[in-house]
Amino acid sequence: MQAWQVHENGEPSEVMRLTDTAPPAPGDGQVLLRVRAANVNFPDALLCRGQYQVRPPLPFTPGVEVCGETQDGRRVIATPVLPHGGFAEYAVADAGALLPAPDALDDAEAAALHIGYQTGWFGLHRRARLEAGETLLVHAAAGGVGSAAVQLGKAAGAKVIGVVGGARKAAVARGLGCDVVVDRHTEDVVAAVKEATGGWGADVIYDPVGGEAYTQSAKTVAFEGRIVVVGFASGTIPSPALNHALVKNYAVLGLHWGLYATKNPALVRQCHEQLTELASRGAVKPLVSERVPLEEAAAAVQRVADGRTTGRVAVVPEKGAGA
């Protein structure tokens, strides 16, 4: 089979190599999946760089989110077990963690209904307890993680403010359903959010960016607001001033979705059932902006790493066509 492998850490476009290799052999409790579609996530770039919280042994195949097909023909969503990731014709996954792919979504969309939407659901509902009528501020609203949070926020009845970088991403955010879109390249984010909320601020802030975005969050969070820290795509990890959280009476909530798979896997399945129901009635639909062949996976990962994409980019192996 063909698979992308990383033999040394560095930028994805430089260290990912397309190779011919034998299909991986599943271990105890694992299954071999034919990859129908693999979505590119920012952690794939971090894995290549050696900067992710998990560092698989070299060489490894990145690709942390797939829609695959089991040997008995079931279409499933999975998080592959590294080092046998999804940017290949076949991947390995834990049998007990497979989730049924929603019939309402094609392969690429189904794969994208996993990490980003699970993270959004847990962040907004489990951690921040978002309520209908509240204002949700989403940083990087046109990206893969942000676009999921926008749709989930609208489905929950919230007013959604999306912060993006550039006119093209602003148009995407509006198409996703944002009530207010703020272009951080041309607007003062803090002033725009305060104007949009009548000076109250955002009740829930969803931040996969860190850096300056977190600084803006602390300035725009409302009384009894909740800032959900999802990641640090900016590359800068902020150092929150806890005295500021005390004085303004807001909460800073961390979210590491991957922990639920080991700490409370039943919640992951419950979340998937709710996401499947939302997808079936069209309340959410993953934004897949590009579908590229396996040969273009390294370039796709680099584009995501550089922040040049919107929504999700899906890698679709030829033999896994159907996306």
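Gly73 takes a positive phi near 90° in the hairpin of E4 and E5, which has five residues between the strands. This is a predicted model, where local features need pLDDT of at least 70, side-chain atom pairs count only at pLDDT 80 or more, and totals for chains, interfaces and linings use all residues. Residues are numbered from 1 along each chain as its sequence is written, and side-chain values use heavy atoms, leaving out hydrogens and water.

**Strands**

- Helices (H or I, at least four residues) and strands (E, at least two) are DSSP runs, numbered from the N terminus.
- Two strands pair if DSSP finds at least two bridges between them.
- Strands E4 (residues 66–69) and E5 (residues 75–78) run antiparallel, joined by four bridges.
- Cys67 has Ile77 in E5 as its bridge partner.
- E5 also runs antiparallel to strand E7 (residues 99–100), with two bridges between them.
- Val76 has Pro100 in E7 as its bridge partner.

**Aromatic pairs**

- The whole structure holds two aromatic pairs. Rings of Phe, Tyr and Trp (its six-membered ring) pair if their centres lie within 6.5 Å; planes under 30 degrees apart count as stacked, over 60 as edge-to-face and the rest as tilted.
- Trp121 and Phe122 are edge-to-face, because their ring planes stand at 80°, with centres 5.2 Å apart.
- Phe122 and Tyr260 are tilted, because their ring planes stand at 35°, with centres 4.1 Å apart.
- This pair links distant parts of the chain: Phe122 lies in helix H4 (residues 115–127) and Tyr260 in helix H10 (residues 260–263), 138 residues apart.
- Trp121, Phe122 and Tyr260 form one aromatic cluster.

**Burial**

- Trp121 and Phe122 are buried (under 20% relative accessible area, with exposed over 50% and partly exposed in between; 1.4 Å probe, protein chains only).
- Tyr260 is buried too, like Phe122.
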